[in-house]
Amino acid sequence: MINTILVDDHHIVRQGIRTLLEIESDITVIGETDQQGELISLLAQEQKVNVIIMDINMPDTDGITLTKQIKKSHPDVFIIVLSMMDHEKYVAQAFEAGANAFLIKNVSRDELMFALRFVAQGEFYISSEI
C-alpha cells in the first residue's frame with residue numbers, strides 16, 4: 001500500500017487528485033492540506049507516509065522550502081512536486097531540495113499513476129513534457 005498526502009493550495013485540485021488516487025487499490029490518501037503546520041502534523045501520526053504530492057505555491061511557505069524541511073526530518077518520505085511551473089529552474093530547485101519527481105499539472109492520469117508507483121520504489125522521475 002502506498003500511503004499518500006496531498007499538498008496543494010487549491011482545494012478543487014486536491015479533491016480531483018484524491019478522486020483519481022482513491023480508485024487505485026494500492027494507493028491510500030491519508031490526508032490533504034494547504035498548510036505547512038497541518039502537513040507536519042500528518043507526518044507525525046502513527047500511519048507511515050510513503051509519498052507526498054506537493055505543489056510549489058502554498059499560502060504560508062513554498063513547496064521547495066517545505067521539501068527541504070521534510071527531507072531533513074523524514075528522509076524516507078518520497079516527494080513528488082506537481083506544479084504548473086515548468087521552467088527548468090524550478091525543476092532543478094526541486095531536485096536540489098530533495099524531491100524525487102517533478103510533474104507538470106497537465107500530466108495525464110496514467111503518467112501520474114506511473115510516477116507515483118515509480119517514486120514509491122525509491123526512483124526518480126521527471127514529467128515527459130519537461
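This is a predicted model: local features need pLDDT of at least 70, side-chain atom pairs count only at pLDDT 80 or more; totals for chains, interfaces and linings use all residues.
**Entry 1**

Before anything else I wrote down my rule: a salt bridge is a side-chain nitrogen of Lys or Arg within 4 Å of a carboxyl oxygen of Asp or Glu. By that rule Asp110 pairs with Arg109, since their closest N and O atoms are 3.9 Å apart, and that is within the 4 Å cut-off.

Next I checked how open Asp110 is to the outside. Its relative accessible area is 59%, so I put Asp110 down as exposed, the cut-off being over 50%. Arg109 comes out at 30%, which means I list Arg109 as partly exposed.

**Entry 2: the other partner of Arg109**

I then followed Arg109 to Glu24. Their side chains form a salt bridge too, with 2.2 Å from N to O. Where do Glu24 and Arg109 sit in the chain? I found Glu24 in the loop between H1 and S2, while Arg109 belongs to helix H5 (residues 109-120). They are 85 residues apart, so this pair links distant parts of the chain.

Is Glu24 buried or exposed? I get a relative accessible area of 16% for Glu24, so it goes in my buried column, where the limit is under 20%.

Tracing shared partners, I ended up with one network of salt bridges that takes in Glu24, Asp26, Arg109, Asp110 and Arg117.

**Entry 3: a buried pair**

I searched the whole structure and came away with 10 salt bridges. One of them joins Arg14 to Glu32, with 3.1 Å between the closest N and O atoms. Arg14 is in helix H1 (residues 11-22) and Glu32 is in strand S2 (residues 27-33). I marked both Arg14 and Glu32 as buried.

A reminder to myself: side chains of opposite charge can pair when their charged atoms come close.

**Entry 4: H3 against H4**

Last, I looked at two helices. How do the axes of H3 and H4 cross? Helix H3 (residues 63-73) and helix H4 (residues 88-97) have axes that come within 8 Å and cross at roughly 15 degrees. That is under 35 degrees, so I call H3 roughly parallel to H4. The crossing is right-handed.

For the contact itself, H3 supplies Ile64, Thr67, Lys68 and Lys71, and H4 supplies Tyr90, Gln93, Ala94 and Ala97. Sorting these residues by type, I got 4 nonpolar, 2 polar and 2 charged.

Note on methods. Residues are numbered from 1 along each chain as its sequence is written. Side-chain values use heavy atoms; hydrogens and water are left out. Axes are lines fitted to C-alpha atoms, for helices over the stretch in contact, and angles run from 0 to 180 degrees between N-to-C directions. Helices (H or I, at least four residues) and strands (E, at least two) are DSSP runs, numbered from the N terminus. Angles under 35 degrees count as roughly parallel, over 145 as roughly antiparallel, 65 to 115 as roughly perpendicular and the rest as oblique. A crossing is left-handed if the near helix is turned anticlockwise from the far one by less than a right angle, and right-handed if clockwise. Contact means heavy atoms within 4.5 Å. Ala, Val, Leu, Ile, Met, Phe, Trp, Tyr, Cys and Pro count as nonpolar, Asp, Glu, Lys and Arg as charged, and the others, Gly among them, as polar. Buried means under 20% relative accessible area, exposed over 50%, partly exposed in between (1.4 Å probe, protein chains only).
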